[in-house]
Each structure stands twice: as C-alpha cells, then as structure tokens.
Amino acid sequence: RLISNRERRSLHNEAQGIQNRFYRYARNGLSQREHHDLRDRIQDLRQRLQRERHEGRDQRRDRWDDRW
C-alpha cells in the first residue's frame with residue numbers, strides 16, 4: 001500500500017470537495033476566478049498525493065533498512 005487508509009480518506013474527501021465546488025460553480029458557468037480556484041485546488045491535491053506517496057515509500061524503505 002502506498003498511502004495509509006487515513007491519508008486515502010483525507011485525499012478522497014479533498015477531491016470530493018473540489019468536485020462539489022466544480023458542480024456549484026458550473027451551474028452558472030465558470031468565471032475566470034472560479035477556474036483558477038479549481039485549478040489551484042487540483043494542483044494542491046496532486047502535490048499532496050505525490051508527497052504522501054513519497055513519504056510512504058520512505059517509510060517502507062526505513063522498515064526494510066531496520067531489518068539489516
């Protein structure tokens with residue numbers, strides 16, 4: 001597993017929040033500000049996912065190194 005269940009739930013909730021915001025914005029068409037807001041939130045989520053995956057690999061590597 002690359003990320004913990006807790007991290008997965010948190011990331012999922014954040015993605016759901018972005019999706020809900022998109023639907024709310026899209027009702028009347030996206031303004032430039034709303035487009036940028038969504039873009040920035042998606043980018044933040046991507047970076048967080050990459051960070052969580054990287055930390056998960058580091059933790060597994062540390063556990064492996066401890067065995068030797």
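This section describes the fold, the nonpolar core and selected residue contacts of a predicted model.

The secondary structure of the chain consists of two helices and zero strands. Of its 68 residues, 18% count as buried. The chain exposes about 5800 Å², of which carbon and sulfur atoms supply 45%. Among contacts with a separation of 6 or more, 58% are accounted for by residues 24 or more positions apart.

The largest nonpolar core is made up of six residues, namely Ile3, Leu11, Ile18, Tyr25, Leu38 and Leu45. Two elements, helix H1 (5-26) and helix H2 (32-66), each give two or more residues to this core. Helix H1 gives the most, with three residues. In soluble globular proteins, nonpolar side chains tend to be buried together.

The geometry of H1 was examined next. At 1.5 Å a residue, the 22 residues of H1 should span 32 Å, and the 31 Å between its end C-alpha atoms agrees with this value. Within H1, the buried residues are Glu7, Leu11, Ile18 and Tyr25. Seen down the helix axis, the buried residues of H1 fall within an arc of 45°, and they therefore line one face of the helix. Arg6 and Asn13, on the other side of H1, are exposed. An α-helix has 3.6 residues a turn, so residues three or four places apart point the same way.

Leu11, which belongs to the largest nonpolar core, is also among the buried residues of H1. Leaving out residues up to four places away in sequence, Leu11 touches Ile3, Leu45, Arg48, Leu49 and Glu52. Arg48 is located in helix H2. With a relative accessible area of 17%, Arg48 is buried, because this value falls under the 20% cut-off. Although Arg48 and Leu11 are 37 residues apart along the chain, their C-alpha atoms are separated by 8.1 Å. Beyond its neighbours within four places in sequence, Arg48 is in contact with Ser10, Leu11 and Glu14.

Arg21 is partly exposed, with a relative accessible area of 22%. When residues up to four places away in sequence are not counted, Arg21 touches Asp37, Leu38 and Arg41. The C-alpha atoms of Arg21 and Asp37 are 9.6 Å apart, and the two residues are 16 residues apart in sequence.

The loop between H1 and H2 contains Leu30. This residue is partly exposed, at a relative accessible area of 39%. Leaving aside neighbours within four places in sequence, Leu30 is in contact with Phe22, Tyr25 and Leu38. Phe22, for its part, is partly exposed, with a relative accessible area of 36%.

The count of aromatic pairs comes to one. In this pair, the ring centres of Phe22 and Tyr23 are 5.7 Å apart and the ring planes stand at 55°, so the arrangement is tilted. Tyr23 is partly exposed, with a relative accessible area of 47%.

Conventions. Residues numbered from 1 in each chain as written. Predicted model: local features only at pLDDT ≥ 70, side-chain atom pairs only at ≥ 80, totals over all residues. Heavy atoms only, no water. Core = buried A, V, L, I, M, F, W, Y, C linked by side-chain atoms within 4.5 Å. Buried < 20%, exposed > 50% of the residue type's maximum accessible area, 1.4 Å probe, protein only. Helix = DSSP H or I, 4+ residues; strand = E, 2+ residues; numbered from the N terminus. Contact = heavy atoms within 4.5 Å. Expected span 1.5 Å × (residues − 1). Arc of directions from axis to C-beta. Phe/Tyr/Trp six-rings, centres within 6.5 Å; stacked < 30°, edge-to-face > 60°. Areas by Shrake-Rupley, 256 points an atom, 1.4 Å probe, with all protein chains shown as cover.
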